[in-house]
Amino acid sequence: MTAAQFRRIVLGLDGVVEASHMSHPDFRAANGRIFASLNEDETRGMAQLTPEQQAEFLSRAPKMFIPAAGAWGRGGSTMIDLKSADAEIVGEAVTLAWQRVSALPAARRTNAERSSNKRRTTVKVRKPAPKPRSRSRSGR
């Protein structure tokens, strides 16, 4: 499988957009959350599975699926070796990841997104209050 084929499968899911995160492509569900990605040199894909789903795919296709390193891998983040990947199985994995992530609440905005979307407010400057007029002595 090529990176282009991986993209085609992932982008075929409803509401998915491709973005970039930490200098590599990622794929986000309609709620803005990442559920799949490609590494920088686009030789591996990633699907955000549950640990149980990950175990199933590892047993079905151990040459194709590899747990990500550390806590990410223990949490279900699963690397996909594109060179040995089968499109049908990859489609199953990314669909499960998309379904799981799509059910979550919308992603929180990053500081960069918040600062770029801030409204520009204008500060009203009050004019100083007029000084009281002195009464003329001739008007008494």
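1. Contact here means heavy atoms within 4.5 Å. By that rule, and leaving out residues up to four places away in sequence, Asp 26 touches Val 17, Glu 18, Ala 19, Ser 20, His 21, Ile 34, Ala 36 and Ser 37.

2. The model is predicted: local features need pLDDT of at least 70 and side-chain atom pairs count only at pLDDT 80 or more, while totals for chains, interfaces and linings use all residues. Residues are numbered from 1 along each chain as its sequence is written, and side-chain values use heavy atoms, with hydrogens and water left out.

3. Asp 26 belongs to strand S2, residues 24–28. Helices (H or I, at least four residues) and strands (E, at least two) are DSSP runs, numbered from the N terminus. Asp 26 is buried, at a relative accessible area of 0%; buried means under 20%, exposed over 50%, and partly exposed in between, with a 1.4 Å probe and protein chains only. The side chain of Asp 26 makes a polar contact of 3.0 Å with that of Arg 28. Such a contact is a pair of N or O atoms within 3.5 Å; within protein, one must be able to donate a hydrogen and the other to accept it, and residues adjacent in sequence count only if both atoms are side-chain atoms.

4. Five salt bridges are present in the structure, each defined as a side-chain nitrogen of Lys or Arg within 4 Å of a carboxyl oxygen of Asp or Glu. One of them pairs Arg 7 with Glu 42 at 2.9 Å, N to O. This pair links distant parts of the chain, 35 residues apart: Arg 7 is in helix H1 (residues 3–11) and Glu 42 in the loop between S3 and S4. Arg 7 is buried at 19% relative accessible area, whereas Glu 42 is partly exposed at 27%.

5. Arg 60 has a salt bridge to Glu 56 at 3.6 Å, N to O. The two are separated by about one helical turn because they lie four residues apart in helix H2 (residues 51–60). Both are partly exposed, Arg 60 at 39% and Glu 56 at 41% relative accessibility.

6. Arg 60 also forms a salt bridge with Glu 92, where the closest N and O atoms are 3.0 Å apart. Here too the pair links distant parts of the chain, with Glu 92 in helix H4 (residues 87–102) and Arg 60 in helix H2, 32 residues apart. Glu 92 is partly exposed, with a relative accessible area of 32%. Salt bridges with shared partners also join Arg 7, Glu 18 and Glu 42 into one network.
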